[in-house]
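Thanks for coming. I'll take a few minutes on one model, starting with the disulfides and ending with confidence.

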Amino acid sequence: RRGKIGILDSRPSAKMLVTTALLAAAALATVAAAHDDDDGGDATATLMTHGACSPAAVAHAWVAAWNEQRFEALDTMFTPDALVYVNGKLDDLNDGRPATPERNTCVHGRGRLEYHVGDVTTSGHTVAATSGTMLVQRAMTGVAVVFELDAATCRIETQRFFFSTESEAYRQYASEFLCNCYPLLEELGQCHAEEAPAPIDVAQLFEQCLREFVTGDADAFAACYADNVRYTVNGVAQPSAQLADADTVRRVFDDFSVQLQLDHSLAEGFTLHAVVSGTKTARSTGESADSNYYVVAKFNEDGIIVEQHEAADNAATSRLTQRITGAPPTPQFWKSQAALNALGGFVAQLGFPTDYTDFLDPAQTNFAVWLAADLAAVDGACFTEVTVTDRDIIHRAPSPHVDFATASVRLAVPEGRANDVRAVTDSLVYDELTNTLTSTNNGLGHAVIDLHLGARVARGQLSVSQAQATYGALFASVFTAQGELSAEWFRLRGELCSLVQ
């Protein structure tokens, strides 16, 4: 899974800013020194750390190899079936594939096309989104590049460019260099073309659209966009309705209040490059998250936006929205399919976890945990901690199954009964130092049965043999025919809470 976020999506993005060429040059110099090899060899060999890919390092290494004309090394950075997109469409000039070293040598034009990277933000271990500038004919224009990587090899699977092709500098470059490298452009009539007139102020129109969004005027904001607007975030297509449908926009307003401002813009004909920053605040909890976007918006002659492309990262702030909406976490690198499949059920009963991890490194064990402070707000629950762990624990009683979770309650067991409580099932552990009873399980249905029977033995209501004899019938009763938690489960959970109070 890759998160899909944007200005209107209910999963806001993290920081993405355009910085100066001087800072970008310093960053490139550092990367060039770190990856100083000859044109041959594997340019991705040093981009893996402890088995995990570094998307930011790949992005910087690609830019350095391009600017230094190390095109043979550049060629090794892509998977065999890699795809390249320009402004949301497959790069037809190269049949959607990375250009060959020979073609890149021609296109480079002896330094006439260079990239300078500002911030690089990442999502997990497979996505990097860069914002910065493209030096065309010694003139700067904004550019965003999104890299999607194969985690196993650290090579580029998909590369997406967003930049304006309407500036005078780019048209001159295309006429003098691109048309020589790609004769097809001449056939298509794209050489020696004049820049399209722009009788509208696209920067002013875009800023007005932002103001309408901030003030909550969903109808006016949606009117800024064509009904079939092409909308992408980090190169992934989004529904047009997220921008153009007033009812969809209003649903965002129901969950969040938003403050946005236009920090920087560059108009090139009917295309606007912009950096937008702001804060989203969840209405239900007051939690807030800062967000910044690099945006390319294309207008038609009527001043309506027909395309909008955003380069941004969603890792830092997606959790805020997931907590508000109750959506389950969406890890990418968990290995236990059983644990991953069960997460939704835990979230349905307990809400969004206090924390969860999603490490690519196999040496790290991923988990989702609910701690006491968050569990205290869950209606009818008395757990002190619940954890879902990304590992399979083979358990053979009462029948073979896989466990991956633990659930704990606070219970003072009378002296002399601790061993009886532990004897109810191998799944139960009792810690006398902390008065904590813990069930190792594969779901809350299993957990409540363990803890309920353990608590009844602790209170002297059942013997060990009675508890064990009851186990099978209780297990069958806590699930409906559809596998959902039954009314009996909720009754048992209530009894458990009364026993541990």
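**Disulfides, packing and confidence**

The torsion about the S-S bond of Cys 53 and Cys 154 is about 75°, so this disulfide is right-handed. A disulfide here is a pair of cysteine sulfur atoms within 2.5 Å. Cys 53 sits in strand S2 (residues 52–53) and Cys 154 in the loop between strand S7 (139–150) and strand S8 (155–163), so the bond ties together parts that are 101 residues apart in sequence. Helices (H or I, at least four residues) and strands (E, at least two) are DSSP runs, numbered from the N terminus. The S to S distance for Cys 53 and Cys 154 is 2.1 Å, and both residues are buried. Buried means under 20% relative accessible area, exposed over 50%, and partly exposed in between, with a 1.4 Å probe and protein chains only.

Some bookkeeping. This is a predicted model, in which local features need pLDDT of at least 70 and side-chain atom pairs count only at pLDDT 80 or more, while totals for chains, interfaces and linings use all residues. Residues are numbered from 1 along each chain as its sequence is written, and side-chain values use heavy atoms, with hydrogens and water left out.

How many disulfides does the rule give? The count comes to four. I'll show two others.

Cys 106 is joined to Cys 181, S to S 1.9 Å. Cys 106 belongs to helix H4 (residues 101–108) and Cys 181 to helix H5 (residues 168–181), so the pair connects parts that are 75 residues apart in sequence. The torsion about this S-S bond, Cys 106 to Cys 181, is about -95°, so the disulfide is left-handed. Cys 106 is partly exposed, at 31% relative accessibility, whereas Cys 181 is buried at 6%.

Next, Cys 209 and Cys 224, with their sulfur atoms 2.1 Å apart. Cys 209 is in helix H7 (residues 202–214) and Cys 224 in the loop between helix H8 (218–222) and strand S9 (225–233), so the parts tied together are 15 residues apart in sequence. The torsion for Cys 209 and Cys 224 is about -110°, so this disulfide is left-handed. Cys 209 is buried at 5% relative accessibility, and Cys 224 is buried at 8%.

Now packing. In helix H10 (residues 246–255), the buried residues are Ala 246, Thr 248, Val 249, Val 252 and Phe 253. They cover an arc of only 165° around the axis, which puts them on the same side of H10; the arc is that of the directions from the helix axis to the C-beta atoms. The buried residues of H10 pack against H7, H8, helix H9 (241–244) and strand S11 (256–268).

The largest nonpolar core has 50 residues, of which Phe 346, Leu 350, Trp 370, Phe 383 and Val 388 touch the most other members. Helix H15 (residues 444–458) gives the most to this core, nine residues. By definition, such a core is a set of buried Ala, Val, Leu, Ile, Met, Phe, Trp, Tyr and Cys residues joined through side-chain atoms within 4.5 Å. Leaving aside neighbours within four places in sequence, Leu 350 has contacts (heavy atoms within 4.5 Å) including Trp 370, Phe 383 and Leu 444. Apart from this core lies another, of 37 residues, Cys 53 and Tyr 170 among them.

Last, confidence. The chain averages a pLDDT of 77, and 75% of the residues score at least 70; pLDDT is the predictor's confidence in each residue, from 0 to 100. It stays under 50 over residues 1–46, and pLDDT is also below 50 over residues 313–317. Where pLDDT is low, the predicted coordinates should not be read in detail.
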